[in-house]
Amino acid sequence: MQHKSKCSRAMALPNSEFRTRATEYLDFLAAWVKKPRQTASVVPSSRYLARLMVEHIVPDDGRVIELGGGTGVFTRAILGTGLPPEKLEVVEINPAFARGLRRHFPHVSVLETPAQIVSTATAGEAGEYQSVISGLPLLAMDRQMHADILSESFRMLRPGGAFIQFTYSLRPPVNREILDALDLDVVRVGQTVRNFPPATVFRFFRKGD
């Protein structure tokens, strides 16, 4: 009976949605096989994690940058908040993922630019962005990369803006010494076990904001 219930739910998915999910899983698995440290997981993030990542976005309150667009799970959730696609820029250095993002989100600007120099390619100016949504595998990066990515992100963020990052750890993925050096702080937004692996979301912000 349980097996029949699972099959019924799978069959209830619209064909287009089923194909999209299947393609996302296959693309993500292929990317992980080629560069496991860059991709960090064998499956895309879940929609439950995506909801946590985007819950603070205000559609008419400024531009958004997404770092590490992957197969577009967070991209879809960001646009689902009502943010106009012309106010979203997605950074993705994997050429296959970038092609897929352009195909699925033709009105969103996809930048094949490293996150630590993203300001050289964005349409918006420094200080125009309300949020940076990061799907980057920070735990696989060194401290200098953490500092460079956060410095560049907060160059683009306006006062009160936030850098949103998920991790598979219960602790923030950035060392306290780096945060203090950049005059930043961090709080936990939430956690979801409905993701593989279970994930925790953190919000980084300027001290005093």
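This briefing walks through the confidence, the sheet, a helix pair and some backbone details of the structure above. The model is predicted, so local features need pLDDT of at least 70 and side-chain atom pairs count only at pLDDT 80 or more, while totals for chains, interfaces and linings use all residues. Residues are numbered from 1 along each chain as its sequence is written, and side-chain values use heavy atoms, with hydrogens and water left out.

**Confidence**
- Mean pLDDT (the predictor's confidence in each residue, from 0 to 100) is 87 for the chain, with 79% of its residues at 70 or more.
- Residues 1-13 have pLDDT below 50, and this stretch has two contacts (heavy atoms within 4.5 Å) beyond near neighbours in sequence.
- Residues 36-40 also stay under 50 in pLDDT; here the model has twelve contacts beyond four places in sequence.

**The sheet**
- Helices (H or I, at least four residues) and strands (E, at least two) are DSSP runs, numbered from the N terminus.
- Seven strands form an open sheet in the order S3-S2-S1-S4-S5-S7-S6, and the pairing (at least two DSSP bridges between two strands) is mixed.
- On average, neighbouring strands are turned by 20° against each other, direction ignored.
- Within the sheet, S1 (residues 63-67) and S4 (residues 129-134) pair in the parallel sense over five bridges, and Ile65 stands opposite Val132 in S4.

**Helices H4 and H5**
- The axes of H4 (residues 47-54) and H5 (residues 73-80) come within 9 Å and cross at roughly 50°; axes are lines fitted to C-alpha atoms, for helices over the stretch in contact, and angles run from 0 to 180 degrees between N-to-C directions.
- That angle makes H4 oblique to H5, as angles under 35 degrees count as roughly parallel, over 145 as roughly antiparallel, 65 to 115 as roughly perpendicular and the rest as oblique.
- H4 supplies Leu49, Ala50, Met53 and Val54 to the contact, and H5 supplies Val73, Phe74, Ala77 and Ile78.

**Backbone details**
- Most residues other than glycine have a negative phi, and most peptide bonds are trans.
- Asp183, in the loop between H8 (176-181) and S6, has a positive phi near 60°.
- Phe196 and Pro197 are joined by a cis peptide bond with omega about -10°, and Pro197 lies in the loop between S6 and S7 (199-206).
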